[in-house]
Amino acid sequence: MHGHIRKVILTLPELFFDPKTVYTVEAARQFVALLAPDETTDDTPAPYVADPFAELVATILSWLHQADGVLSQDAVLPLVKALGFKTRAVIVALSPRVFWSHRESDCEILLRTPAGAAQHPRPLPDVYLHQQVREHLVAQVRAMGAKAKYDKLAGALNWNMRSELKKTYGTLSVVLTGLREVFFDPHRLYLKRALDGVVEWPVNRHGRQGVHGAQAEEIVTEARWSPQVDDLKSAGDPEWLNLKRQLVGTVMSHGGRCEVSLLRQLLQPAALALTLEELFAFGRRDLNDVFFWSRDRVHWRAVAHPAVVHEPVHPELSQVLLRTVRATGSASLEELREAARSANLEALAKDELLTDALRQIPELFFTPEVVFLHHVANALVEVPRTAPDEPEPPDRTVVEGEEQASQQPAVEDTSNPTLPETVKDPMQEGGTPVEFERAEEQADEARSKRPAEPKFFSFTDFVPQQEPPIIERQPVKKARHEDASEMAGWSQEAPLWATEGSAVLVREQGRMTDSIGVITHAMGSTCSVRLLLGEQAGAGGLAGGGLSLV
């Protein structure tokens, strides 16, 4: 009806049939779909970060601008450690525009202006420090100028753990944090423009340390990698270090969030043959301190956002999911399925139905296709402190001065109500530095005295307890060893009374009487004694002959 099959095939444009012609593979790719490259695969090369150090500096500055000039160092230090850079090198690269009270920076302490002193968020009382101590402390900071370091200031003031200043006023860090005239915050990074008018910028050999407009921006943009910025002591395997720098640098270059497919593409040519899942397994090569990936967990959003609703979520299922996640801040997909199964909603919580429902609830965060930096994720979700797959550490209890691991829940100690359960940062929780210092001292004092504290009267004290049997043994006589060390009056050094001119009695073995003598020279454990033998000689009394002994 349709003629010969060869003629039919030749008339169909979707089919290729040319038995009389020989093609090369490259030429045949234009006609044969089997030989053509897969259109679904992305042939674009994986991104390559040429300078991870410059990318890190740019990321920190971007975060500072987004946070109005103040950034916690907890967002920066894990990145510096993961990338294998020296903290000192990062501080130097940021120093033209950023002030960081870090122990490796050139300047940790600044003086406040009168306006800045009035803006102190939680100052110490004016009577907390003696006026002379306050003036001396401020004078030392002013004299140090651009080299005001915490360690140097503590040494100059003799403010150490055993000093009277420490016993009277507490640690120097707490005093510096709460002193009105001083700016000291070792936990945060500040843009210098945010501190203008608050602090008095000291002068060094390069000029005043404050920001100077476009000149400082040019200096920062010139921050580039060099071998001197690498921390070779903690770098580890060079291949693993280079792979980490590419992964972290790629996520930083994408604004702190990156597609999972792109990271998998970076891992394919790597010689270590690692998978993306292995990077989040707790071990030697994990990046949990840097990355956040909610591939199998649902988190509670810090701020709910309007979700794009394609199909309305079942009200009962929505309530079950919200209640389960809100209870702990996060929940795994298996836990959510179990909660839905308990509510007889198993049919609505299957694989694709559950994931679609989670994406449409505004209060829940579930994006398994994106990997975030922790600082970015912390602004989106309430990240739990402990990892879901990591077991909880056992409680630590003190029994007769020794620490023992206990799996039992901790019992609240009501004998000392002033001891806080957890010590929080006073500058973040609204407390004053004095309260923080006093709480630490009370906690240390309570821990040291707890075994010796008397207990109040309790009927539980009368519960009979089985005592271990007491085994009496015959006393063992100690063997007596007469050696030179026991015969001597001392073995290490002569006592304090053994000085030149002191009268002594010299006792010799085999003699019943002692000889009278005078110490003529003492050094270490050896003394030279002059024996007075005049009385024994029978003439001249004690002023007669003499004999020197050592």
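Reader: Before we start, what counts as a helix or a strand here?
Author: Helices and strands are DSSP runs, numbered from the N terminus; a helix takes at least four residues and a strand at least two. Keep in mind that this is a predicted model.

Reader: Okay, so where's Phe 31?
Author: Phe 31 sits in the loop between helix 2 (25-28) and helix 3 (52-66).

Reader: And how exposed is Phe 31?
Author: Phe 31 is partly exposed, because its relative accessible area is 47%, and buried would mean under 20%, exposed over 50%. Together with Phe 16 and Tyr 23, Phe 31 forms a nonpolar patch on the surface, with about 300 Å² of accessible area for the three together.

Reader: Switching to rings. How many aromatic pairs are there?
Author: The structure has 11 aromatic pairs. Take Tyr 150 and Phe 184: their ring centres are 5.8 Å apart and the planes meet at 15°, so this pair is stacked.

Reader: Which parts of the chain does that pair link?
Author: Distant ones, 34 residues apart: Tyr 150 is in helix 8 (150-157), while Phe 184 is in the loop between strand 4 (182-183) and strand 5 (188-191). Tyr 150 is partly exposed at 22% relative accessibility, whereas Phe 184 is buried at 7%.

Reader: What about Phe 280 and Trp 293, how are their planes set?
Author: That aromatic pair is tilted, with 55° between the planes and 5.3 Å from centre to centre. Phe 280 is in the loop between helix 14 (260-267) and strand 10 (291-292), and Trp 293 is in the loop between strand 10 and strand 11 (297-300), so the pair ties together parts that are 13 residues apart in sequence. Phe 280 is buried at 6% relative accessibility, and Trp 293 is buried at 10%.

Reader: Which residues form an aromatic cluster?
Author: Phe 99, Phe 183, Tyr 190 and Trp 201 form one. Trp 201 also has Lys 192 over its face, 5.6 Å from the ring centre.

Reader: New topic: how many salt bridges does a search of the whole structure find?
Author: It finds 13. One of them joins Arg 134 and Glu 181, whose closest N and O atoms are 3.1 Å apart. Arg 134 is in helix 7 (131-144) and Glu 181 is in the loop between helix 10 (172-178) and strand 4, so to speak a link across 47 residues of chain.

Reader: Is Arg 134 buried or exposed?
Author: Buried, at 8% relative accessibility.

Reader: What does Arg 341 pair with?
Author: Arg 341 forms a salt bridge with Glu 338, with the closest N and O atoms 2.4 Å apart. Both lie in helix 16, 3 residues apart, about one turn of the helix. Glu 346 joins Glu 338 and Arg 341 in a network of salt bridges.

Notes:
Residues numbered from 1 in each chain as written. Predicted model: local features only at pLDDT ≥ 70, side-chain atom pairs only at ≥ 80, totals over all residues. Heavy atoms only, no water. Phe/Tyr/Trp six-rings, centres within 6.5 Å; stacked < 30°, edge-to-face > 60°. Buried < 20%, exposed > 50% of the residue type's maximum accessible area, 1.4 Å probe, protein only. Lys NZ or Arg CZ within 6 Å of the ring centre and 35° of its normal. Patch = residues over 30% accessible without salt bridge, like charges linked within 9 Å, V, L, I, M, F, W, Y side chains within 5 Å. Areas by Shrake-Rupley, 256 points an atom, 1.4 Å probe, with all protein chains shown as cover. Salt bridge = Lys/Arg side-chain N within 4 Å of Asp/Glu carboxyl O.
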